[in-house]
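These are my notebook entries on a structure that I examined one feature at a time. I began with a single residue and then turned to the wider picture.

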Amino acid sequence: MYDRTDKLVAIGLLVSACTILAVAGWLKPAACGYGTHTQLGLPPCSFLRWTHLPCPSCGLTTCFAWAIRLHLWKAFLANPFGILAFLGTVSLIPVSIFLLTRHISFRTITESVHFSKAIYAATALYLLSWIFKLAAFQFVGH
Amino acid sequence: MNDVRCPRCGGTNPPNSAFCGICGTPLAAQQSGASADSPSSPGWQQPAANQAEPPIPYPPPTNAYPPPAGVFLPPVPGAKVVGDNTKWAVGLGIGALFCCGPLTGVPGIFLAKKDMDEIAAGRAPHLDEGWAKGAYYLNIIALVLFVLGICLFWGRLGLGRF
């Protein structure tokens, strides 16, 4: 049953995706591969500060900033999982427009069994990406 | 008359049960014989063409939620198991607490909520509701702490910058 909540969620997804991409285009990617988000006034990564190792999300903002400029290799080096997240964010725009125009509830996606499996796969890729970053950090230093 | 043993989870059910009370597997094929043989058993033979099929008392539920493949069903009938969605939600919540914030917290909330909805609708009685709720609130707490950390950094609470 399509109701007002479904409409608001679809609009919210569309606005969020556009905002994220616009901010990524506005930010200047950090040369060291992480820390770009500090231009927004956000704190530096606490995990990195405490452990001197990058967290799984380190470099994600930098990755988006490079990917929106179509520098996909630099985006991959900043955070491999970020490429997938970037493509997911970009695809949110046509998906949310489709949901709005066809009056389809977002629950048809989230209640699908494939949605759970997609989250499992994304989490596994997120961890693999972290292993890659740890290895790169050890050998390259950043 | 002997109790009927479920071919899928091994749980015992009263005679003439049409469905396993633990996992929902149809038991209609078990009613005609004294053994718990199923078509997947090595000794099972196709019944003769002139043999009457045992009547099914009522149709199977259309919204049955059988446990996903690979889920360990407890040997004790009635015991609860932690759902796969809940297990992943707990892992995502721990990740959200220590480093990842909303990136893993939001998917964790979705997964835990899914299991909670299935339990509330009665489609997954074998899942542990306590763990599902715990995972759900763990992810919410992680998100709240993430936002609180940003607010503290910005000095909005008047405690200065770290």
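**Entry 1: B:N85**

I looked up B:N85 and found its place in helix α1 of chain B. The model is a predicted one. Is B:N85 buried or exposed? I recorded a relative accessibility of 8%, and B:N85 therefore counts as buried, since the limit for that word is under 20%.

I next asked which residues B:N85 is in contact with, leaving aside its neighbours within four places in sequence. In chain A they are A:S116 and A:Y120, and in chain B they are B:L111, B:K114 and B:D115. B:K114 is 29 residues apart from B:N85 in sequence, yet their C-alpha atoms are 7.5 Å apart in space.

Two of the contacts are also polar. The side chain of B:N85 makes a polar contact with that of A:S116 at 3.5 Å. A further polar contact, at 2.4 Å, joins the side chain of B:N85 to the side chain of A:Y120.

**Entry 2: where chain B meets chain A**

I then turned to the interface. On the side of chain B, 16 residues are in contact with 20 residues of chain A. The two chains bury about 1,500 Å² between them, and 75% of this area is on carbon and sulfur atoms.

The largest share, seven residues, comes from α1(B). By class, I listed twelve nonpolar, two polar and two charged residues on the side of chain B that touches chain A.

How many salt bridges cross the interface? The rule finds zero between chain B and chain A. For polar contact, the count is five residue pairs between the two chains.

**Entry 3: nonpolar cores**

I looked for the largest nonpolar core and found that it has 18 residues. Among those with the most contacts inside it are A:I119, B:A89, B:L111 and B:A112. The elements giving two or more residues to this core are α7 (113–140) of chain A and α1, α2 and α3 of chain B. Of these, α2(B) gives the largest share, five residues.

Not counting residues up to four places away in sequence, B:A112 touches B:A89, B:A132, B:A135 and B:Y136. Another core, of 13 residues, lies apart from the largest one and has A:L21, A:C63, A:A85 and A:Y126 among its members.

**Entry 4: salt bridges within the chains**

Side chains of opposite charge can pair when their charged atoms come close. I counted four salt bridges over all chains, and I noted three of them here.

In chain A, A:R107 forms a salt bridge with A:D6, with the closest N and O atoms 2.9 Å apart. This pair links distant parts of the chain, as A:R107 is in helix α6 and A:D6 is in helix α1, 101 residues apart. A:D6 counts as buried because its relative accessibility is 1%, whereas A:R107, at 31%, counts as partly exposed.

In chain B, B:E118 forms a salt bridge with B:R123 at 2.8 Å between the closest N and O atoms. B:E118 is buried at 15% relative accessibility, and B:R123 is partly exposed at 29%.

The side chains of B:E129 and B:K133 also meet in a salt bridge, at 3.6 Å from N to O. These residues are four apart in helix α3 of chain B, so about one helical turn separates them.

Terms used
Residues are numbered from 1 along each chain as its sequence is written. Chains are lettered from A and ligands numbered from 1 in the order in which they are written. This is a predicted model: local features need pLDDT of at least 70, side-chain atom pairs count only at pLDDT 80 or more; totals for chains, interfaces and linings use all residues. Side-chain values use heavy atoms; hydrogens and water are left out. Contact means heavy atoms within 4.5 Å. Buried area is the accessible area (1.4 Å probe) that two parts lose on being put together, summed over both. A polar contact is a pair of N or O atoms within 3.5 Å; within protein, one must be able to donate a hydrogen and the other to accept it, and residues adjacent in sequence count only if both atoms are side-chain atoms. Ala, Val, Leu, Ile, Met, Phe, Trp, Tyr, Cys and Pro count as nonpolar, Asp, Glu, Lys and Arg as charged, and the others, Gly among them, as polar. A nonpolar core is a set of buried Ala, Val, Leu, Ile, Met, Phe, Trp, Tyr and Cys residues joined through side-chain atoms within 4.5 Å. Buried means under 20% relative accessible area, exposed over 50%, partly exposed in between (1.4 Å probe, protein chains only).
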